[in-house]
Each structure stands twice: as structure tokens, then as C-alpha cells.
Amino acid sequence: MNECDNCMNLCTDEDNEVYCGVDMDEDEYRQVAMSRFKTCPYYRPGNEYDIVKKQI
């Protein structure tokens, strides 16, 4: 399991394809994909259930 598995930016499309929902340009995507960052700069821990808990 990597940090993407529990990131709030993780999205699923209508074909159940999983992808990162962060709007990155090509250079940023290349840097993240080539692991130039030790950790993803866009990582946000949690999921949609955490958001709902804060609204109650």
C-alpha cells in the first residue's frame, strides 16, 4: 500500500479506473511520476468519510 491509497485526491471514473484528481501540468506530473519528490506534494490524508464527519 502506498500513500495514494488513502489520499483525498484519489478519484474513480465511471469505468472504475483510479487516478489522481490533482490538476497538474506535464512538468509536475513528470516529476511526481519519476519520484523526484520523496513524498507526493499533493498528498492529503483521509477520504470522503472524513469530510462527512467534519460536516456533522
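Select Ser 35, the residue to look at after helix α1: its phi is positive, near 60°. This is a predicted model, so keep a colouring by confidence at hand while moving through the stops below.

Go back to the start of α1, which spans residues 26-33. Show the side chain of Asp 25 and the backbone of Asp 27: a side-chain oxygen of Asp 25 comes to within 3.2 Å of the backbone nitrogen of Asp 27.

Stay with α1 and display the largest pocket, as this helix gives the most to its lining, three residues. The volume of the largest pocket is about 330 Å³. Select its lining next, 17 residues in total. Those nearest the centre of the pocket are Glu 3, Cys 4, Cys 20, Val 32 and Cys 40. Coloured by class, the lining shows 12 nonpolar residues, with three polar and two charged ones.

Now select Asn 9, in the segment before β1 (10-12). Is Asn 9 buried or exposed? Its relative accessibility is 14%, and because the cut-off for buried is under 20%, Asn 9 counts as buried. To see what surrounds Asn 9, show Tyr 19, Cys 20, Gly 21, Val 22, Tyr 42 and Arg 44, which Asn 9 touches when residues up to four places away in sequence are set aside.

Finish with the confidence colouring. The protein chain has an average pLDDT of 77, and 77% of its residues score at least 70.

How values were computed: Residues numbered from 1 in each chain as written. Predicted model: local features only at pLDDT ≥ 70, side-chain atom pairs only at ≥ 80, totals over all residues. Heavy atoms only, no water. Polar contact = N/O pair within 3.5 Å; in protein donor to acceptor, adjacent residues only side chain to side chain. Helix = DSSP H or I, 4+ residues; strand = E, 2+ residues; numbered from the N terminus. Buried < 20%, exposed > 50% of the residue type's maximum accessible area, 1.4 Å probe, protein only. Contact = heavy atoms within 4.5 Å. pLDDT = per-residue confidence, 0-100. 1 Å grid on protein atoms, 1.4 Å probe; cavity = no way out; pocket = protein on both sides within 12 Å on 5 of 7 lines; lining within 4 Å. Points joined across faces, edges and corners; volume = space filled by probe spheres on them. Nonpolar A, V, L, I, M, F, W, Y, C, P; charged D, E, K, R; others polar.
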